[in-house]
Amino acid sequence: MLKSLSNIKGNQTEYFSGVNGIKKLYKLVAKNWHAKDTLYIAAAPVDSFKRLEKFFLEMIHKKRVQDKVILKILINKDAESYGIVRKNMPYTQVRFLDVKTTAEYGVLNDLLFLVNYGDFPYAILIRDKKVADTYKEFFNILWNHGRKISIPPLIEDNESIDKIIAKYKKYNPIVITDPYNFEKIKKISQAICVFDNKFENVDKIKKIIAKKKNGIIIGFGGCAALDAARMCSSKELPCIIVPSILSTVCISIDKAVFSLDGKTKSFQTEVPKEIIFSLPIVKKTDHESLIKWAQSGFGDLFAKIGAAIDVVFRETQKTKDMITVEKIRRKIPETMEALDWALNYFKNYSNRDLEHLAAFLHEASVSIILQDSFELSGGGEHELAYNIERRFKKENNPWPTHGQIVSIGTLIELKILAEITSDSRLFDKVCKVYKKLKLPTNYKMLKKIGIEREYILQGIKNIKNIKNSNTLLGHNPALALKLLDKIFEK
Ligand SMILES: [Zn+2]
């Protein structure tokens with residue numbers, strides 16, 4: 001093949017065989033670029049990243065950034081997560097195309113190369129200015145069709161909140177925070193206190209802000225404060241998010257949850273400008289609370305497994321296909337990675353564990369932005385949690401955090417899955433991880449956080465009454481009741 005092509009085109013065309021050949025081609029491209037050149041790639045398929053991601057990151061992009069070469073890359077929809085990695089690189093512009101391809105093409109000056117990542121990967125390089133310019137024109141048309149996704153960066157800044165606010169002084173910031181932090185914050189900045197997640201707060205805050213000519217909102221605290229900050233932000237008045245606890249998958253999303261007319265509703269908001277994670281801020285609370293909140297963060301993160309089970313369950317209902325653990329894994333690769341990490345590396349809520357948790361919660365939030373839906377963040381386990389909460393939560397009783405209570409339903413959904421697939425790998429793994437994280441795995445531990453066996457029983461029975469509960473748990477309440485003691489009576 002190499003010979004025949006060379007014969008036709010002389011030195012103008014080169015053929016590269018296999019994955020190693022593709023690597024050779026990219027190295028050759030890298031040898032040919034100069035500072036300020038632009039490399040165009042369309043439309044990068046998911047297989048390219050699966051096969052060569054390590055090579056691209058370590059061998060090509062590192063050099064490209066050093067050499068100050070600009071990359072404009074169009075990435076296929078199913079490879080969005082790889083696009084996110086690139087978005088934060090210098091000299092790099094990323095857009096997404098809703099197409100599915102197995103081959104891509106690239107243009108650099110007078111080079112055009114075609115790469116096929118299918119079963120027999122190969123590449124062809126053509127050295128011809130006219131051809132390259134033509135494909136650059138095609139690229140520009142595609143580029144205009146590409147979607148931009150703005151993803152907020154997670155910035156680690158180990159400063160106190162005073163210093164973080166001071167950095168934004170020139171924007172005349174206003175801090176939206178909660179009662180735990182309000183007294184301190186109002187001494188150093190304009191500040192508004194949010195007590196709960198009632199929707200009425202939003203209008204009130206917007207009115208206050210309208211008079212003050214602020215240039216930026218800083219949301220500081222737990223979910224209620226962060227939700228209000230996002231909800232009151234706009235293109236002209238962006239917001240910065242500084243979580244004081246790592247308790248839920250809400251830190252980096254472009255949505256906010258409020259209660260309106262007695263119902264919990266989710267609203268679209270602007271994407272926050274950036275998320276600032278400061279370990280000293282998160283560690284300010286006493287050790288016991290710190291663990292409680294971080295445990296909640298993990299509980300809410302792994303609720304994505306319950307949600308993914310429900311998504312796959314709904315898909316298989318339509319296709320009459322089997323539910324498998326593999327299908328669930330493919331829905332939430334980043335959560336599965338977090339699960340493996342927790343199993344192998346988690347060490348009792350150390351600083352490093354908290355840093356990892358912040359990154360996991362951020363990634364989980366970002367995937368909510370990308371999918372533009374909460375579908376993969378909450379399913380039957382959230383329904384069960386809300387059910388139990390509505391019925392049994394009383395003032396002054398000890399009551400679990402959001403992440404602790406949703407963690408119960410995740411285990412139940414996993415056990416149902418294990419029953420109907422005769423595959424208990426994922427259930428066993430999650431149990432092991434819960435034990436490491438000290439999330440409840442038996443009735444005794446549940447009692448400690450304020451949950452009685454009876455509450456769960458009633459919660460499951462009530463799920464039958466939820467209309468449109470299209471979840472695995474909602475469809476199998478009798479099985480769930482039967483399995484309950486097998487899960488928690490240890
Ligand atoms: Zn949640």
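Leaving aside neighbours within four places in sequence, which residues is Leu370 in contact with? Here are some notes on this predicted model, starting from that question.

1. **Leu370.** Once its neighbours within four places in sequence are left aside, Leu370 is in contact with Glu80 and Ile149. The residue belongs to helix H14, which covers residues 351–371. Leu370 has 16 other C-beta atoms within 10 Å, so it is partly exposed; the buried class would need 20 or more, and the exposed class 12 or fewer. For a sense of distance, take Ile451: it is 81 residues from Leu370 in sequence, and their C-alpha atoms are 35 Å apart in space.

2. **Overall build.** Stepping back to the whole chain, you will find 21 helices and 15 strands in the protein. The radius of gyration is 26 Å, close to the 23 Å that the globule rule gives for 490 residues, so the protein is as compact as a globular protein of that length. The C-alpha trace spans about 85 × 60 × 40 Å along the principal axes. Of the 490 residues, 42% are buried. Among contacts with a separation of 6 or more, 72% come from residues 24 or more positions apart.

3. **Domains.** The division is into three parts: domain 1 takes residues 2–145, domain 2 takes 154–282 and domain 3 takes 287–488. Taken over C-alpha atoms, the centres of domain 2 and domain 3 are separated by 27 Å.

4. **Where domain 2 touches domain 3.** Here 17 residues of domain 2 are in contact with 24 residues of domain 3. On the domain 2 side, at least two residues each come from strand E15 (274–277) and helix H10 (279–282). That side of domain 2 is made up of twelve nonpolar residues, four polar and one charged.

5. **Helix H11.** This helix runs through residues 287–319, 33 residues in all, and reaches 49 Å from its first C-alpha to its last. Just after H11 comes Lys320, whose phi is positive at about 60°.

6. **Helix H13.** How far apart are the end C-alpha atoms of H13? They are 18 Å apart, which agrees with the 18 Å that its 13 residues should span at 1.5 Å a residue. The buried residues of H13 are Thr335, Met336, Ala338, Leu339 and Ala342. These cover an arc of only 155° around the axis, so they sit on the same side of H13. On the other side of the helix, the exposed residues are Pro333, Glu337, Asp340, Asn344 and Tyr345.

7. **Backbone angles worth a look.** Most residues other than glycine have a negative phi, and most peptide bonds are trans. Asn172 has a positive phi, near 55°, and lies in the loop between helix H6 (161–167) and strand E9 (173–177). With 13 other C-beta atoms within 10 Å, Asn172 is partly exposed. Asn348 also has a positive phi, near 55°, and is placed in the loop between helix H13 (333–345) and H14. Asn348 counts as exposed because it has 9 C-beta neighbours inside 10 Å, where the cut-off for exposed is 12 or fewer. Finally, the peptide bond joining Ala42 and Ala43 is cis, with omega about -25°; Ala43 is found in strand E2, residues 38–44.

8. **Gly378.** Is Gly378 buried or exposed? It counts as buried because it has 23 C-beta neighbours inside 10 Å, and 20 or more is enough for that class. Gly378 lies in the loop between H14 and helix H15 (380–392). Leaving aside neighbours within four places in sequence, Gly378 is in contact with Ala303 and Ala307. Val406 is 28 residues from Gly378 in sequence, and the two are 8.9 Å apart in space, C-alpha to C-alpha.

Key: Residues are numbered from 1 along each chain as its sequence is written. This is a predicted model: local features need pLDDT of at least 70, side-chain atom pairs count only at pLDDT 80 or more; totals for chains, interfaces and linings use all residues. Domain bounds come from an automatic or database domain assignment. Two residues are in contact if their C-beta atoms, placed from the backbone, lie within 7 Å. Helices (H or I, at least four residues) and strands (E, at least two) are DSSP runs, numbered from the N terminus. Ala, Val, Leu, Ile, Met, Phe, Trp, Tyr, Cys and Pro count as nonpolar, Asp, Glu, Lys and Arg as charged, and the others, Gly among them, as polar. The radius of gyration is taken over C-alpha atoms; the globule rule is 2.2 Å times the number of residues to the power 0.38. The expected span of a helix is 1.5 Å times one less than its number of residues. The arc is that of the directions from the helix axis to the C-beta atoms.
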